[in-house]
Structure formats: structure tokens, C-alpha cells
Amino acid sequence: MKKSRILALMLTSVICVSLFAGGCSLVKVNPEQDKKVEIAVIDGTPLLKESFNNYMAYYQMYFDASGMTFPTDTELTELKKDILDDLVRVETLTAKAKKDGVTVDETGIAANATSMLESLKTTLGEEKYAAVLETYNTDSASFEAFLNMFLLDYSYANTMETNYNNTLKADPSKELSTVVGTVGKDEVKKDVYNYRLANEELLTYYQTQQALGTDDETMKTTNETIFNTIAEQKALAQYAEEKKLTADQTNIDSYVTTQEAFVNYLLPGDEALQQFLDAKFLTIAQFKEFVKQDATASAISKAVQTDLESTIKVTDGEIKKYYDENKASYDTSTVSAKHILATEQALADQVYAEAKNAKTVEEFDAIMAKYQTTDGIQEAADLGAFTKSTMVTEFSDAAFGMDVNTVSEPVKTDYGYHVIYVYDKKAGETPSLEDKKEEITTTLKSEKVTEEFDKLKTKLMNKFKVKINDIATPAATYLEELKTELNVKVYENKI
């Protein structure tokens, strides 16, 4: 999927113009000839470099006015292409609009252009404004004419994209039947892809409170996740059929209930859900049908794991080994401690020098209070009682090795440097091997099932060749159709 860089112009409140990020540094050739170079032909009409120069001048002004660093080197080359692509996009959609007799409301466009120009001049200053125009081989008259033209054409482009989007909403069959790849011999169409993309978006927002990225790298990872999920479900379904394993209806119902609750938490009510699905050209009924399919796939996965579990054995030797390795974690003995946590060892050494002779809680509390608000102190607190397995190893080893009413030298952990004061210790009991045998058996069996299940999935999925097509947005697909219809030619090497 092609990366789209769009910036909203914030220089005035009267209009918002979307721009693809880009820039250039023009080579000084014959100025008048440079302006007349054809950089594209749209339906027989040439698009001249003069328009590109003005667009670049505008973009340079945007960067300068916003206090941003203008791109250089390879980023500049890539961004220049994005600017050209956006210019061609707008003019192609405009040409189609005029050919089809589409009209737009031109009221206020000239006033908006004037307001934007005044804002740019005020922000940059007349001298800087003129210098940018000169850099891009243009002048005030050409730039102002371009801005008026581009705002109008942008309105045409937005109208055409909106009309196309509305057409798809009325009949999304063409969009949803588009093949976006294959898994094995089966085609993957846009309907199931859009459903899975919607799930990825919801999951990302739930986990990060941010929208799923649309950059190339993120979309590549997302698409791989989507297709691998489809492949995994197909592989397990085929395996289950061969093994005559069936999905438990209770597991299916449980999945549906959980998923519905999850979606409703993020998008309360049908209206909010449908508004979200509109961008994917799906109805709530279609979405729920896909959820049921996922529920069946999840239940089949559990059936396969249950079947694997029935074949897995755990030996007494494995149980004893696990018990011995984790015996310390079963100990119910506790230590009660306070600590002062510093980011740097020098500060921790300073704290220790003052605290090392503390013999009572009150004495250590006084030192904690003194350092509570000191820069470099992350925490000065009472940790209460804890078992050895509760804390990180370095901290627990130190605390459990101390006597009551003593202070440790600084103890380094991933969190920083701790000065620990132990004020109580209680001896506990360590359960016997027999006491923990059932629990350990369950744990080891679960680990083995997970390991064998992962191996099985890898083996099964290797039988399914996955191919992911270049997945375009509806707007991008529409634009490519128009470029063919209007015989659009683009000469990237001339910018």
C-alpha cells in the first residue's frame, strides 16, 4: 500500500488544505523554459512545471512558517515525488469532474486564497516570502494565480472522491470482491481483509490509545499478520477435519460474547459501530458473520490443543526437576522492608552513608523524608511484606539475606540503585513436592501443549503459500482507473 503523507495547513482558520509532504531545490536553468516544461499530460492537456514550482514554493513556506526543517537528500527526492503525485491526483480528478459536468461551490475560494496569502506574508515577512518565490523560479502573480486555481481544483477533487465513495457505499460489491491476495489456492477478497483490518485497528487503539499507522512499514506488518491469521485458520480447519475434531459450541458462544463486549466497549451502540464500518464498506450484519467465523476458528484451535494434550505425558523426573528449580518461589517466608531508590549510584552512596547506622524504623523514616523530593530519587517508600519471588532477583536476594533493623549497601537492579532497610522477617513454609505435584503437572503439560501446538501450526502453515497483492485504497484504485481513462502520462524525471 502506497504511503500517503498529508499535512493540514494550519496557517489560517478559514480553510484546511491537505498537502503531500515534499520539497525540492531547483537547478537554475533558463527560467522561462523551466516553467514551460511538461511534467504530465492529462486528457491531452499538459501540466506545466510552473504549477509544480508554485506548489513547492507553497510547501517551503509552510515548513518555514511552521518552524520545521525542510527535507534534504533521499528524503527530499522521495517527497518531491509525493508532491508531483498529489498534483497529478488533484488535476486528474478535476479533469474528470469537468468532463462529466460536475460543479462545485466556488463561493469564498478567492477570499480563502487571499486570506492564506496574507497569513503567509505576515508569518514569513515580505522579504522571506519573496526569497522563497525566487528560489522556486516563480513570482507573486504566478503564485497567487496557482493558489486560487489549486484551491478550486482541490474542491473538484474532493467532490469526485466523495461521489465515488458514496457510490461504493450504495453498492460495495465491486470493492469487497476485489482480490487482495491468496492463501494456498484460495483467493482472499477485500471483504474479509477489511474485516480483519478493522479488528487490527480496534486492537491497536485498545492497546495504545492511538490509531493504527498507515505508513508502509506498519501496513506491511499489519498485512502479514492478517494473511498469517487467515492461513493459520485454514490450516487448522483442514487438520481438524482430517482428524475428525469438532468445534465446541460453548467455546464458539463464549468467543462471540467476549468479542461483542470488546467491540461495544470501544464503539458503544450500533450507530457508532456502523460509522466505523462505513470506511470498510461493511454492514453490522457482515461484521457479525465474520465474528462467528472467527469464533468457529478459535473453537477449532482449542479442539486441536485439547487433542494434543491427550497425547502428552509428564514424567516424575520432569516434575521433580521443575520443583527443585522453582522451590524458592514456593517459600511463604516474608521480609518487610523500606527502600530509597536512586537513579545514580553516587546519590545512592550518599543516602547509604547517612542511613547505614539506622537501627529503628523512625530513624530510616527520617532519612526517607529528607530525600523524598530530591532530584534523582525515584521512590522512598515502605514496600510492606513480600515473598522472595515477588521482587526482582537482585533485590530479593539482598533483602532476604539481611538481618532485621539493618541497612543494605546500594543494590543495583534494572530500576536503579536501592538502599534497603529491613524491619521485619517472618519464617514461612515450603510446600513439599507431593503438595505441588498436581500444580506442576498442569503447568508442564500446558507448556508442552503450547510448544507442540506451535510446531504443528508451523508445519501445517508451510503447506499454504501466502501471496499478498499491492492493496490499494478505494480512492487510489479510482485514481488509477481515471488515469487510464484520461490517458495520463507523468514525467517524473523532469522535476
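Which helix does Asp 73 lie in? Asp 73 lies in helix H3.

This is a predicted model, where local features need pLDDT of at least 70 and side-chain atom pairs count only at pLDDT 80 or more, while totals for chains, interfaces and linings use all residues. Residues are numbered from 1 along each chain as its sequence is written, and side-chain values use heavy atoms, leaving out hydrogens and water.

The protein chain averages a pLDDT (the predictor's confidence in each residue, from 0 to 100) of 92. Of the residues, 94% score at least 70. Over residues 1-27, pLDDT stays under 50.

Accessibility classes are buried (under 20% relative accessible area), partly exposed (in between) and exposed (over 50%), with a 1.4 Å probe and protein chains only.

Asn 405 lies in the loop between H16 and strand S9 (406-407). Helices (H or I, at least four residues) and strands (E, at least two) are DSSP runs, numbered from the N terminus.

In H16 (residues 393-400), the buried residues are Phe 395, Ser 396, Ala 398, Ala 399 and Phe 400. These pack against strands S7 (334-342), S8 (377-387), S10 (411-413) and S11 (416-426).

H3 (residues 73-99) also meets H18 (residues 474-485). Contact means heavy atoms within 4.5 Å. Val 88, Arg 89, Thr 92, Leu 93 and Lys 96 in H3 meet Tyr 478, Leu 479, Leu 482, Lys 483 and Glu 485 in H18. The residues of this contact divide into 5 nonpolar, 1 polar and 4 charged.

Conventions. Axes are lines fitted to C-alpha atoms, for helices over the stretch in contact, and angles run from 0 to 180 degrees between N-to-C directions. Ala, Val, Leu, Ile, Met, Phe, Trp, Tyr, Cys and Pro count as nonpolar, Asp, Glu, Lys and Arg as charged, and the others, Gly among them, as polar.
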